[in-house]
Amino acid sequence: MNEVLAELSKVSVTLNDRLIVDRVSLSIKRGDIITIIGPNGAGKTTLIKTILGIQKATSGSISLQPGLVIGYVPQTLNLETTLPLSVERFMALSGCDRKGCKQALARTGVAHLSAASVHHLSGGEKQRLLLARALARQPGLLVLDEPAQGVDINGQAALYDLVRQLRDELNCGVIMISHDLHLVMAATDKVICLNQHVCCSGFPEDISHDPAFIETFGTAVAESLAVYHHHHNHRHDLHGNVSSLSEAKAAPTGSGHHHD
Amino acid sequence: MIDSILDDFFWRALIGGLGVALVAGPLGCFVVWRRLAYFGDTLAHSALLGIALSFVIQVPINVGVIITCLGLALALVLFSRSKTLATDTLLGILAHSALAIGLVTLSFMPSVRMDLTGLLFGDLLAMSRSDLWWIYGGAATILCLLALLWRGLLMSTIHEELARVEGVPVERLRLALILMFAIVIAVAMKIVGVLLITALLIIPAATARRLARTPEQMVAMAMLFGFIAVTGGLALSWELDTPAGPSVVVTAFSCFLLISAVGGKQRA
């Protein structure tokens, strides 16, 4: 039994008299990769902001492991261009030492950009920078809000792959939001389908058959995911590998391409 | 020697002006970074009301201005929570109402002899020795606060949510920043007048943006351009008998145009 990093119990959030998050209970354990999916306005971002402590819960309770360091990768890095800022400096503002910052940048593959201005980075580079910044703090829990936004499809697969590797290296828990259903299914342990309340949750391969999932996303999406899984297993069988989930995750690029 | 310099009102104005530019530089950068230009304007407009208030409750003018600015900032926070009006509408309402109420209130005090043009546009002659104490006391307070809170202020400016997650006390820093604005408005009023304070904050900072590669460089350059604006403006005012505040702003604007023309493209 892995240690529990964060435990949410019947958390509800009401904003301007609108129920955004409805009695969500979940627990994040060390080593978990949990992905939250759901339609627009389902309360995904609000839910993770509640975990981060940025948003107050209207009711319910959230308990974090004492001393837990959270690494947060926000949706986008919208920086005010009037503020001159280099990648290096942005990293240093985390309060981590130079060496740690350098290593984190190298780990996410953007070390060569350390002297560059943050305003000149591409979407993918920005996401990697944000990931490096979260990484430099040696987090016990990594929280990512649509980490692959603005990144092309190959880059997305690589990014999710990196997240999975980082989970292994840091032995941390990961909770993220994603819209990229195909990639999510390949790179995650547990999926939570949110539509204000948790409409279903479980292993990726089970969830695509769940009636609640089909109801939320429509039959077309559910079927395409089912096809995807078939393809995925098949491909790995051809390679002679056991069609386990972790193997499937190792090569998400090809599968992503298939559905492009 | 120092005493004889301080006896000359021109030198007093210049020394005072440099003190103001010293803090207008860094705070101006925050105004530009956090898009607070209209917010700063609103606080500055309320300064006149603060002057009237300080006569009513018998406190030094600077204290009255600081209290009024803080009060207005608080009112703004409370109003903006209801979210029925856009922030710029709200700021427009409060800025001009505060200015109007201040003017009306002052007109009710015929016993108080005030040079209204001086208050609105700055007055060289108005700089007294006690004003210098206020300016340098205020500047020292602000610079100490900035040095102490620098990383947190910068981080919460760059990305508020990220700062929050990393344990930066974002709300308290916002309050500290508002307090610093109130102080700078109270002391800068003498040099440029309430209507032009925002210009002294944002023009040097915007000029510095062209040349700076780091936030700290931008602050240092904003101070430098502030010095140039104050020195040039006061000299202009002295030579041509023009109002001090507008002359300072015109000099600042000239620097801005010059740097924009020759500075090339933004580098970082």
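This is a predicted model: local features need pLDDT of at least 70, side-chain atom pairs count only at pLDDT 80 or more; totals for chains, interfaces and linings use all residues.
View 1. Leu106(B) has 18 other C-beta atoms within 10 Å; because a residue counts as buried at 20 or more and as exposed at 12 or fewer, Leu106(B) is classed as partly exposed. When neighbours within four places in sequence are set aside, the contacts of Leu106(B) are Leu48(B), Ala52(B), Val112(B) and Met114(B). One of these, Leu48(B), lies 58 residues from Leu106(B) along the chain, and the two C-alpha atoms are 8.3 Å apart.

**View 2. The open, antiparallel sheet of chain A.** Three strands of chain A make up the sheet, arranged in the order S2-S1-S4. From one strand to the next, the twist averages 15°.

**View 3. Pairing of strands S1 and S2 in chain A.** Strand S1 of chain A comprises residues 4–15 and pairs with S2(A) in the antiparallel sense through eight bridges. Within this pairing, Val4(A) has Lys29(A) of S2(A) as its bridge partner.

**View 4. The contact between chain A and chain B.** Chain A supplies 16 residues to the contact, and chain B supplies 20 residues. On the side of chain A that touches chain B, 10 residues are nonpolar, four are polar and two are charged.

Conventions:
Residues are numbered from 1 along each chain as its sequence is written. Chains are lettered from A and ligands numbered from 1 in the order in which they are written. Two residues are in contact if their C-beta atoms, placed from the backbone, lie within 7 Å. Ala, Val, Leu, Ile, Met, Phe, Trp, Tyr, Cys and Pro count as nonpolar, Asp, Glu, Lys and Arg as charged, and the others, Gly among them, as polar. Two strands pair if DSSP finds at least two bridges between them. Helices (H or I, at least four residues) and strands (E, at least two) are DSSP runs, numbered from the N terminus. Axes are lines fitted to C-alpha atoms, for helices over the stretch in contact, and angles run from 0 to 180 degrees between N-to-C directions.
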